[in-house]
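Please take a moment to turn the model around on your screen.

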Amino acid sequence: PLLCRALDFGMATEETSGFSVAPSLLNAPIQYVPGSSPQKHVVVVGAGYVGVASAYFLSKSGHKVTCIESGPDVATATSRRNGYLITPSLTYPWANFSCLKFLASSMIQGDSTVRVQWKGISDGGFRLLPFAWSFLKACRPSNVLRNFEASYQLATYSHGVLNSIVPPSDYASNCSGTLQIFANEKVRDERFAIQSPLKRLGCHFLSLSYQDTLQAEPMLAPSIPVGGASIQCSTDSNGDIALAAKAMRVLCESAGVEFKFNTQVNKLLMTESGERINAVATSTGEIVRADDFVIATGNALNLADQAGDRILQQPMKGYLFTIPVREGQALINHTVVDDHRHIYCSPIPATESEPAKIRISCAVDLVGNDPRPDPKRAEQLLSLASGFFPPGYLDLDRVHISAGLRPQTSDDLPVIGRSPRLSNLWYNVGHGHLGLTRGAGSAALLADLYCGLPGKVDATPFSPARFAPWYHKLPVWVENAVPLFA
């Protein structure tokens, strides 16, 4: 494999909550190890945030990169409909038994922020069977803890990577961390115990009393129940993933990345042996050839099916409400999480032409493949979400509503690495609602793996091979068993 220059971005440790970044690496000349393979041509399918980041890091590693996107620009689909969140401390996997109970009850209750409809189940078809089985396995407590730690490490690394190439001001980052608000101290302590394993990985969070919570967010005093409590994490942040993607596009173009917009990849064209991809056929009629291919689209299932790979991913619809703060009201300081309503509220700073706003994200709906907002569902969620703020704080006459399909894997971890079946196909997909939180680190990790370098975080939990059916693994089992009987 090609040995490329490593990009060494630091991670938070127990000794420091910051990031050790080497800015000189960003503009360092590309260096090849003598005798290594020549530059390769890589096609990246998808120019959402993750796709653009993948193209950038592969280009900085010395490769010729072409990025193909069905939309007219970068970040025009799910990456445009983002929750404004960078929250490594809140990456607790959705695949856990508490969530399973909540999902079951949501099929009966109509006012939940989680909704499962039979249309979503029917649209998923037979795919939902292995997805559900994988979800149940991921709910085992030991697996939940393992996945939580893997997700947090990737997210923390990603935060450092993003800030080292795009200044926080360029993607409108402006908050002082996260504040999770709970109905009482008992519930807070239960959640604090769940998050406590992250302390040894460098996560810094505080358990706040009712009075401390009021002091942290005085604007929300009327909304916080008496006796309520919170958890504060100052190392979390926020920002606009679409702005970050546009900033990365500029970096990509300066590094020589070619973009093909308004172009859909329809088909993978295989070699006669079926072990590699020769080219991709596009909606414009063009056949794009390359040495290697990276799938970094929101919905990767069609292309993964063509490759013979099983990616256990389902589209989950999330709703977003962007609401101006009324004149004279102060903007909240944190990304605030209402544990009772299961909503996330992030501050958006004012600009010369726009007032300060609150971005509210909520709902995880398995309702099929239609990304359009359901008016009745949107009205119900808006009533639920806006009720968290004091009367008169939000300008509810100027609400912007959007929805998007988030590519959710069964174990809540992204899929990063080489295809188990095709030697020149790679994946960086399945980031769910944590695209901005984990995307930049995933792209840097993918580039390391592609170049045959050890990743800055352990890539094993994110391997595409973890979803392969048992009969695909049979040759490996046999190969490993033969020496035992020799």
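**A walk through the model**

Strand S10 and strand S11 (residues 277-282) run antiparallel to each other, joined by five bridges. Strands here are DSSP runs of E with at least two residues, helices are runs of H or I with at least four, and both are numbered from the N terminus; two strands pair if DSSP finds at least two bridges between them. One of the partners to look for is Leu 268, whose bridge partner in S11 is Val 280.

This pair belongs to an open sheet of three strands, in the order S10-S11-S12 and with antiparallel pairing. Strand S10 (265-270) and strand S12 (287-289) each have a single partner strand, so they stand at the edges and one side of each lacks a neighbour in the sheet. From one strand to the next, the twist averages 25°.

A word on the source: this is a predicted model, where local features need pLDDT of at least 70 and side-chain atom pairs count only at pLDDT 80 or more, while totals for chains, interfaces and linings use all residues. Residues are numbered from 1 along each chain as its sequence is written, and side-chain values use heavy atoms, with hydrogens and water left out.

Now for a pair of helices. Two packed helices are described by the angle between their axes and the distance between the axes. Helix H1 (residues 49-60) packs against helix H11 (residues 435-450) at an angle of about 35°, and their axes are 8 Å apart. Axes are lines fitted to C-alpha atoms, for helices over the stretch in contact, and angles run from 0 to 180 degrees between N-to-C directions. On the H1 side, the meeting residues include Val 50, Ala 53 and Phe 57; on the H11 side, they include Gly 439, Ala 443 and Ala 447. The residues of this contact (heavy atoms within 4.5 Å) divide into 12 nonpolar, three polar and no charged. Nonpolar covers Ala, Val, Leu, Ile, Met, Phe, Trp, Tyr, Cys and Pro, charged covers Asp, Glu, Lys and Arg, and the others, Gly among them, are polar.

Which loop holds Glu 217? Glu 217 lies between helix H7 (210-216) and strand S7 (229-233). With 1% relative accessibility, Glu 217 counts as buried, a term for under 20% relative accessible area with a 1.4 Å probe, protein chains only (exposed is over 50%, partly exposed in between). Beyond its neighbours within four places in sequence, Glu 217 is in contact with Leu 179, Ile 332, Asn 333, His 334 and Val 336.

Finally, step back: the protein has 12 helices and 20 strands, and of its 486 residues, 55% count as buried.
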